[in-house]
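Here is a walk along one protein interface. Please keep the sequence and the model side by side as you read.

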Amino acid sequence: MSELNDAPGMQARREILKRAAWLLGGAISAPAALAVLQGCHQKTEPGVAAAAPKFLTAAELALVAEIAEIMIPKTNTSGARDAGVPAFIDLALDGLYPAEDQARYRAGLVEFETAARASGKPFLEQDEQARADFLHNALAVAVNSDRKPRPFILMTRELTLLGYFSSQVGITENMEYVAVPTAYHGCVPLSQMKKHVYWE
Amino acid sequence: MSGGWAAKELTEKGLKTLVLDRGHMVRHPEYPTALKDPWDLPFGNRITQETRKRKYVWSRTGYPTPANELWFTDDLDNPYVEEEPFDWLRAYHVGGRSMHWARQSYRFSPMDFEGNAREGVGIPWPISYDEIAPWYDKAETFAGISGSVEGLPQLPDGKFLPPHDLNCVEVDFRKTIADKLGRKLIIGRCANLTAPLTHNESPQRGTCQARNMCIRGCPYGAYFSSVSATLPSAERTGNMTLVADKIAYEVIYDNEKGKATGVRVLDAKSGAQTDYFAKVIFLCASSLGTAYLMLNSTSSRFPNGFGNDSGELGHNIMDHNKPGGSSASVDGYLDVAYTGRRPNGFYIPRYRNVGKDKRNYLRGFGYQGRAARAGYGRFNDSALIGAELKQAFQEPGPWNISMTAFGEILPYHENHMRIDRDRKDKHGLPLLVVNAVVRDNELKMQEDMRNDAAEMLEAAGYKDIKVNSDDFHVGNSIHEMGTARMGHDPKKSVLNKYNQVHACKNVYVTDGSFMVSSGCQNPSLTYMAFTARAAHHAVEELKKGNL
């Protein structure tokens with residue numbers, strides 16, 4: 001069990017959730033499922049170890065981190081985790097969004113996990129292919145919705161891309177980053193460019 | 001913008017000059033965020049909820065980010081009253097809004113100076129294009145304005161540094177709208193040094209490095225600001241004393257002398273009051289700021305505000321009519337892109353009510369825009385994941401094009417600001433109340449702005465054309481002006497043709513307050529030219545003993 005999950009208050013929180021589930025007649029509600037079942041088993045996310053996450057619980061962060069990593073996995077270039085995306089998303093949710101968006105995000109996260117469990121296993125315990133398929137399907141559904149207000153999975157995607165392309169590895173491994181270009185050239189064949197994408 | 005010019009001109013002509021700024025000190029080249037890499041900025045450089053809350057007026061512009069928000073004044077701390085939605089966008093620090101202006105620099109034309117008289121709108125300008133033209137030359141030469149010579153009567157050419165490139169899509173768009181619609185597209189004229197200055201008065205300024213981070217402050221001094229250009233010139237004369245954190249809130253008027261003798265000032269931090277005295281006073285606090293200071297300066301001679309015999313002080317507020325942008329996606333051009341980051345875009349000069357064109361409204365508008373290749377944001381609404389997504393990162397996105405119209409707003413007496421003495425800010429100063437809206441002429445113009453944008457984008461064969469029809473709030477273009485207009489007739493204007501207060505000749509107002517009509521061009525260059533001319537006049541009048 002991680003230091004993070006041993007933080008004061010965690011035990012009490014789990015107890016409250018367990019009791020809430022019991023009061024509901026033993027049927028574990030979706031939020032309780034997420035908080036209780038994942039709370040103790042998840043290792044601390046890299047990049048967030050030093051400080052407790054600001055907005056997400058450790059369990060929520062674990063789920064979001066995995067979603068981000070499936071979207072942008074480590075290949076010959078860095079993945080979302082390498083780029084510090086999970087910690088970025090946590091801070092961004094805390095600092096950039098009004099309470100209503102935060103609440104919608106949190107509810108959407110629970111919906112996502114609840115839907116994943118229709119297969120019989122929590123998202124994080126499913127095999128790699130099943131996770132990718134489930135995520136891809138969730139994205140496809142969201143992309144084809146009216147997207148207003150922005151659903152959880154597209155908020156996560158947007159923050160994953162933003163976090164990745166605000167990181168040094170994300171930028172420098174995928175683009176040509178020129179801090180001081182010295183000049184603007186308005187029409188350059190891609191064949192003459194160092195990389196096809198320059199940071200701007 | 002204008003304050004720096006006044007300081008430079010007055011000190012260079014030998015006047016010991018005190019410069020007061022209500023905000024904190026800023027010195028070239030000390031711009032705290034200017035050299036930060038993207039990964040050194042918090043929140044992916046997106047505006048935080050805290051900033052949205054504190055800078056709630058600035059947030060309406062979409063400009064503030066962690067990289068630049070130090071130049072955007074805290075609105076919660078500096079309240080004003082909007083009787084109608086009005087975006088009063090303030091920059092309380094040395095350098096003011098010249099720190100983060102968009103640097104677009106266009107001359108007003110003879111058509112602009114003559115329009116009011118010809119059409120019976122407002123009052124006539126007391127000055128012709130020919131009278132101000134040499135001062136435009138001076139302002140452009142000193143500031144360094146890049147642009148192309150076009151020979152357009154509605155947009156006179158100036159003393160230009162080399163123009164920026166249009167990109168591949170913009171070049172073809174220029175040809176299409178010229179061939180099919182007879183409209184001109186040019187590269188923006190901007191205060192960025194595309195080549196070394198043609199003078200050696202600003203050794204601290206270097207050429208543009210194509211970083212497009214001007215809004216943070218440029219350590220190369222490559223764009224014009226008061227901090228990078230005019231104040232260093234003033235400093236070098238040895239005649240300037242610059243004092244920050246001093247809020248001038250009253251002009252001191254001496255009834256017996258019939259002159260202003262100085263200004264009354266509060267220290268922004270301690271609240272201590274000081275009076276400063278001078279032979280001649282330049283007010284350059286921005287249009288609303290200056291009119292506020294004058295309205296707040298009452299005396300037995302000026303019971304309705306300093307210099308306000310006409311009753312026009314605080315009235316005739318204008319800005320630029322800007323009802324929302326247009327955009328489209330552009331097919332093709334996939335084998336070309338651009339390198340470097342251009343701090344500029346294209347400009348489509350006014351063509352409505354020019355020559356034989358006649359509309360059901362007066363005046364016209366220009367468009368500012370750019371074409372670009374889409375970045376990673378295009379993946380926000382895509383289901384692509386994993387290695388495939390990462391492969392897609394390696395190629396630039398499709399081209400898109402966007403443009404925004406800036407149109408003239410006519411002067412209406414009803415569009416005004418005043419002072420509410422019953423409500424006070426944290427300094428104990430009364431609150432400014434503003435009430436300005438766009439009216440029939442502007443609303444008719446907005447229809448053309450939207451339709452014409454769609455027409456041009458369609459003519460070029462672009463797809464997925466979007467025309468935004470946001471409500472426009474006066475002030476949002478950050479070109480508010482007109483609150484102390486100049487004119488020949490002291491009964492209808494506050495200033496004379498030299499920017500002197502009609503009723504008190506040793507006070508000059510050279511920020512946007514003096515404007516008699518708004519044109520559709522970005523106005524800063526015009527403020528620079530008029531300020532230089534006014535300073536010249538002030539020094540000549542002092543020599544003659546007239547002030």
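Contact here means heavy atoms within 4.5 Å. The model is a predicted one. By that cut-off, chain A brings 57 residues to the contact, and chain B brings 45.

Next comes area. Chain B and chain A bury about 4,500 Å² between them. Carbon and sulfur atoms give 61% of that area. On the side of chain B, three residues stand out: Trp39(B), Thr339(B) and Lys390(B). They supply 16% of the area that chain B buries against chain A, more than any other three residues.

Now the polar side of the interface. The rule finds 29 residue pairs in polar contact across chain B and chain A, both residues at pLDDT 80 or more. Which elements give two or more residues to the side of chain B that touches chain A? They are β13 (336–339) and α8 (386–392) of chain B. By class, this side of chain B has 23 nonpolar residues, with 11 polar and 11 charged ones.

Charge also pairs up across the boundary. The rule finds two salt bridges between chain B and chain A. In one of them, the side chain of Arg147(A) meets that of Asp381(B). The N to O distance there is 3.3 Å.

Finally, look at the strands. Strand β1 of chain A covers residues 185–189. Three bridges join β1(A) to β13(B), and the two run antiparallel. Within this pairing, Pro189(A) stands opposite Val336(B). So where does β13(B) lie in the chain B sequence? The strand spans 336–339.

Notes: Residues are numbered from 1 along each chain as its sequence is written. Chains are lettered from A and ligands numbered from 1 in the order in which they are written. This is a predicted model: local features need pLDDT of at least 70, side-chain atom pairs count only at pLDDT 80 or more; totals for chains, interfaces and linings use all residues. Side-chain values use heavy atoms; hydrogens and water are left out. Buried area is the accessible area (1.4 Å probe) that two parts lose on being put together, summed over both. A salt bridge is a side-chain nitrogen of Lys or Arg within 4 Å of a carboxyl oxygen of Asp or Glu. A polar contact is a pair of N or O atoms within 3.5 Å; within protein, one must be able to donate a hydrogen and the other to accept it, and residues adjacent in sequence count only if both atoms are side-chain atoms. Helices (H or I, at least four residues) and strands (E, at least two) are DSSP runs, numbered from the N terminus. Ala, Val, Leu, Ile, Met, Phe, Trp, Tyr, Cys and Pro count as nonpolar, Asp, Glu, Lys and Arg as charged, and the others, Gly among them, as polar. Two strands pair if DSSP finds at least two bridges between them.
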